[in-house]
Amino acid sequence: MRKYCMGDRPVQFEILSDQSVNFGFSKFPWVNYQDGNLNISTPVFSIHGNHDDPTGADALCALDILSCAGLLNHFGRSPSVEKIDISPVLLQKGKSKMALYGLGSIPDERLYRMFVNKQVTMLRPKEDGDSWFNLFVLHQNRSKHGATNYIPEQFLDDFIDLVIWGHEHECKISPTRNEQQLFYVSQPGSSVVTSLSPGEAVKKHVGLLRIKGKKMNLQKIPLQTVRPFYIEDIILADHPDIFNPDNPKVTQAIQAFCMEKVESMLDNSERERLGNPRQPEKPLIRLRVDYSGGFEPFSVVRFSQKYMDRVANPKDIIHFFRHREQKEKNEDEMNFGKLVCKPASEGTTLRVEDLVKQYFQTAEKKVQLSLLTERGMGEAVQEFVDKEEKDAIEELVKFQLEKTQRFLKERHIDGEEAKIDEEVQRFRESRKQNVVEEDEEVREAINRAKAHRSQRDDDASFISDDDLMEALSYEIKSNEDSDDASVSSRGRGRGRSRGRGGRGQNPTARGGARRGRGGSAGQAQMNSSRTSKPLASPLKNMSILDAFKSSRQQPSRNKPSKNYSEVIEDDDSDLEEVSFTPSSTVSQRLPSASVSSKRSSQSQASRGIDFDSDEDDLFKSSTTSRRNR
């Protein structure tokens, strides 16, 4: 792009739309060829696809790097997931005017729902609305992969003249007319082979589009450096005269037949070579063999050894599969195994949300949902499966239960069970009809689940510190108790002797203080030796969990920890004097100041350099930006 898009050749068209709206999310909200620091001869306008979808805290993608470098103009990015307003890039060259609409990749289910709810709006120029050539660029599923996992062409506005459809890999670049919406659709496809599927075997092209007024002409340009790809299907059951499952040598016959097919595809590759020295020599070969009907597959590894030097994918030449017969659908029960075991060649994808919906639609009456809705439950299960939101289902149940309880209280329903069931059913049906409100409920439940998860993570750090302090204090206390318990549990003779030693002798160098304690313990043991023995055994057999529980129940240990936390919060100067400092409490308080300072510096740097200020301010701002980098 640097080689072919930069240069001294002047740009022949001008941009008329508000660039701050078209490129408002960019750090440089203007078209690159009007930047005084760049010399652009061929401006490139691009939307993002599903593999470079903006993610992360700053919602960045790969195109942002090229856009900030001035190599292309990234447009068609929607800042909101609730409502999309597509504002066109208005271009004019002479008397020809083009409105370039763009919409970057969005999850198909979400965009499908937004189209259904009328939340996608395409803005049109007020002046001479009919004189503009309207071109729409999008990157979504065109073929139907599920109930809502694609975008029907009928969803798009009928004032569009041409749709450039990305994401699909099969090359259908010749514009086809949609008779219902009366616009044309061009699907360029991928420029290289990315999978061994029939759609990739179509010859690859790019297009050169010429526009004059409201007329257009698309010239197909074949790509000459693409690796050749050939694919064929064989159904062994369709050749009963050649293959007999009962023949013991049928496997050798199948292998010989496959070799003939592969050799035929290699001959076609040699004949159709374009002679371009940059085109790869070895082709991609794919032979899909349906061996249903009692046949057995042969060794693919041994077969591939014969084509190691002639084929680019020797290990993937042969693909065996069985065609599964579809049984008649029974209206009473749903066979989920049949849905899961569909061959991948049919291109169907089973989603958890649709699976939950189908299950409740075909389930018996006694297991039907009476309070929740199938749609909401499906969305919650989808969040649980895809994003591991473990509290999504629980929070949805709680949310809808609270809402139903408020509804019953507002209606002042009597305590009769029949009336309550009737009102609950009526309330459920009203919620099912209001799709927007139901989506809001699911979002609210998911937000609650995320909030609980983050709160749980925060509490875990504090609990671990408290448990550490309590475990430490418990260990000290248990050491003292173990001394007392050991004295009392050793029997009368040892206790009396230590007691006599404590009473009758002076403390010597060998643990005088201990003997003093031993003496007192021995004296107490003489008075009540039978009552002190049972106290020692639970202390020895106490589990770790019981130890934590017992430590939490003692008010004397909670009190110092409370005073300690107050000391940290009130006086920062005493932090160094504290012997046992919880690591997370200090680390959570200290980085907060640094984070706030980083944010303030980043916000200052994002404002850029004020070109009206003096030289000192310029150097200050540049130094600040260097520090931030």
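**Helix H10.** I started with helix H10, residues 392–411, in this predicted model. Helices here are DSSP runs of H or I with at least four residues, strands are runs of E with at least two, and both are numbered from the N terminus.

Which residues of H10 are buried? I found Ala 392, Glu 395, Leu 396, Phe 399, Gln 400, Lys 403, Thr 404, Phe 407 and Leu 408. Buried means under 20% relative accessible area, exposed is over 50%, and partly exposed is in between (1.4 Å probe, protein chains only). An α-helix has 3.6 residues a turn, so residues three or four places apart point the same way. After H10 comes His 412, with a positive phi near 55 degrees.

**The sheet.** Next I traced an open sheet of 7 strands, ordered S1-S5-S6-S8-S9-S11-S10, with mixed pairing. S1 (14–15) and S10 (172–178) are at the edges with a single partner strand each, so one side of each has no neighbour in the sheet. S10 pairs antiparallel with S11 (residues 183–187) over 4 bridges; pairing takes at least two bridges found by DSSP. Asn 178 sits opposite Phe 183 in S11.

**Gln 279.** Last, I checked the loop between H5 (250–271) and S15 (284–290), where Gln 279 lies. Gln 279 is buried, at 7% relative accessibility. Its contacts (heavy atoms within 4.5 Å) include Gln 224, Pro 228 and Arg 273, leaving out residues up to four places away in sequence.

**My ground rules.** Residues are numbered from 1 along each chain as its sequence is written, and side-chain values use heavy atoms, without hydrogens and water. Local features need pLDDT of at least 70 and side-chain atom pairs count only at pLDDT 80 or more, while totals for chains, interfaces and linings use all residues.

Notes:
The expected span of a helix is 1.5 Å times one less than its number of residues.
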